[in-house]
Amino acid sequence: MPEGSPAARGTTPVPSIQRCLRCGHTLPELDARSVCPQCGGLLELVHSPPELRGAALAESFRRSTSPSGVWRFGALVLPGSERDRVSFPEGNTPALESDRVRRWTGATWLRLKHEGLNPTGSFKDRGMAVGVTQALRIGARGVVCASTGNTGASLASYAARAGLPALVLVPAGRIAVGKLTQTMAYGARILAVRGDFDDCLRLVREASDELGLYLLNSVNPFRIEGQKTIVLELLEQLGWDPPDWLALPAGNLGNTAAFGAALREALAFGLIPRAPRLLAVQSSGAAPFAASFDDDFRTLKPVKACTIATAINIGNPASFERAVPAIRETRGIVRAVSDEEILDAKGEVDAAGIGCEPASAASVAGVRRLVHEGFISPGERVVAVLTGHVLKDPDIILSEAESRRGASRPSRPAEVEPTIAAVAAAARLS
Ligand SMILES: *Cc1c(COP(=O)(O)O)cnc(C)c1O
Ligand SMILES: [Zn+2]
């Protein structure tokens with residue numbers, strides 16, 4: 001159907017706008033700038049509301065012909081973009097049960113929403129499907145991001161799929177080997193910056209205009225759009241009966257912001273009667289958001305980040321302003337857990353046969369902590385999001401195998417002679 005024909009006009013939503021969260025300044029939907037040109041504030045995308053509400057809207061998701069767990073929710077995610085949509089497809093990740101992890105956390109009703117099962121092994125694919133689609137829509141010559149690993153891997157993959165060149169800035173020596181090699185394999189140009197992630201982000205934010213490249217960090221509001229679908233898909237899986245708690249690891253806070261936006265919309269459009277409480281979990285080595293929460297969000301004091309959970313090794317979270325309302329509106333909690341607790345949680349998730357990268361396990365460690373502190377009562381329904389795949393960080397598994405700590409320590413292969421006797425002697429399973 002040609003655009004502009006009367007029938008098309010009847011069904012095409014009013015174009016969205018980008019609006020500054022700080023000063024309210026608006027930009028057209030196809031403007032390439034990723035922050036407010038007036039005040040430097042973060043942008044959000046404002047859509048025309050969907051025509052359907054409640055059960056009818058839920059039914060329209062269910063009947064969608066899109067195989068993508070992102071684009072299926074197109075009525076709430078970039079409506080009007082049907083033509084250039086980039087997709088693998090992504091999403092459609094399971095909400096897993098595990099007796100072992102349930103017992104370890106003390107939460108008797110627990111699901112693990114495994115976002116590590118996305119095409120490139122992290123939830124970043126949901127945001128990139130929309131972000132790279134937007135890059136095509138605005139006619140970008142190329143795309144750029146700063147990354148602790150997963151954003152770069154996802155951008156490299158989606159850019160290659162869309163036929164766009166990609167530039168990725170990573171902190172030299174601080175990114176997990178699975179993520180780095182993946183980004184190399186997908187053909188991105190990688191710059192290893194002698195600095196930390198916060199330096200990389202500052203550089204790309206300053207340089208993307210000059211380089212003529214479209215910035216696809218989660219400051220970009222189109223990334224947030226895609227990541228909302230983690231929550232929408234989860235709620236759908238639970239029959240739109242929301243859990244009591246929704247726990248996620250928190251680094252740059254784009255995902256926390258996206259969860260807040262999804263819940264706000266799900267409430268406004270009658271998909272759910274109440275929102276779960278968000279539990280954003282940081283590592284104590286990189287916990288400026290948790291410290292700010294303890295101070296009633298009066299200030300954000302950037303820190304020098306240092307945690308083994310490289311995906312959340314961020315000292316100056318860019319989406320702070322967007323994440324605060326997500327916690328406030330859901331009566332949420334922000335907590336820091338130690339690297340030790342994160343590794344113990346990862347040990348349990350891995351030994352349950354599910355597996356995740358270290359940062360992902362922060363959500364599970366956070367659930368255990370809140371159950372022990374009495375904030376989560378044992379009978380409440382809890383969902384913890386696992387954000388990345390176990391293969392992302394093989395080095396940590398090797399080093400954990402060497403260490404003595406933990407009941408669920410991974411074990412190194414035992415090398416044996418090629419004889420039945422040697423195999424029989426070494427094959428004791430416990
Ligand atoms: C990006 C990422 C996070 C942190 O998400 P933010 O949006 O930066 O808060 C957590 N875990 C994994 C595996 C990630 O890739
Ligand atoms: Zn502004």
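Analyst: In what follows, Ala, Val, Leu, Ile, Met, Phe, Trp, Tyr, Cys and Pro are counted as nonpolar, Asp, Glu, Lys and Arg as charged, and the others, Gly among them, as polar. The model is predicted, with local features needing pLDDT of at least 70 and side-chain atom pairs pLDDT 80 or more, while totals for chains, interfaces and linings use all residues. Residues are numbered from 1 along each chain as its sequence is written, chains are lettered from A and ligands numbered from 1 in the order in which they are written, and side-chain values use heavy atoms, without hydrogens and water.

On a 1 Å grid over the protein atoms alone, a cavity is a set of points where a 1.4 Å probe fits but cannot get out; a pocket is an open set with protein on both sides within 12 Å along at least five of seven lines, and lining residues have an atom within 4 Å of a point. Points are joined across faces, edges and corners, and the volume is the space filled by probe spheres set on them. Helices (H or I, at least four residues) and strands (E, at least two) are DSSP runs numbered from the N terminus.

The second largest pocket holds about 460 Å³. It is lined by 24 residues, of which Glu44, Leu45, Ala261, Arg264 and Glu265 are the closest to its centre. At least two lining residues each come from β3 (43–46), α8, α9 and α11 (320–329). The lining comprises 14 nonpolar, two polar and eight charged residues.

Two or more lining residues come from each of α5 (150–162), α8 (221–237), α9 (254–268) and α13 (358–373). The largest share, three residues, belongs to α9. By class, this lining has 10 nonpolar, 14 polar and three charged residues.

The second largest cavity contains about 60 Å³ of space. Thr148, Pro171, Arg174, Asp196, Phe197, Thr310 and Asn313 line this cavity. They divide into two nonpolar, three polar and two charged residues.
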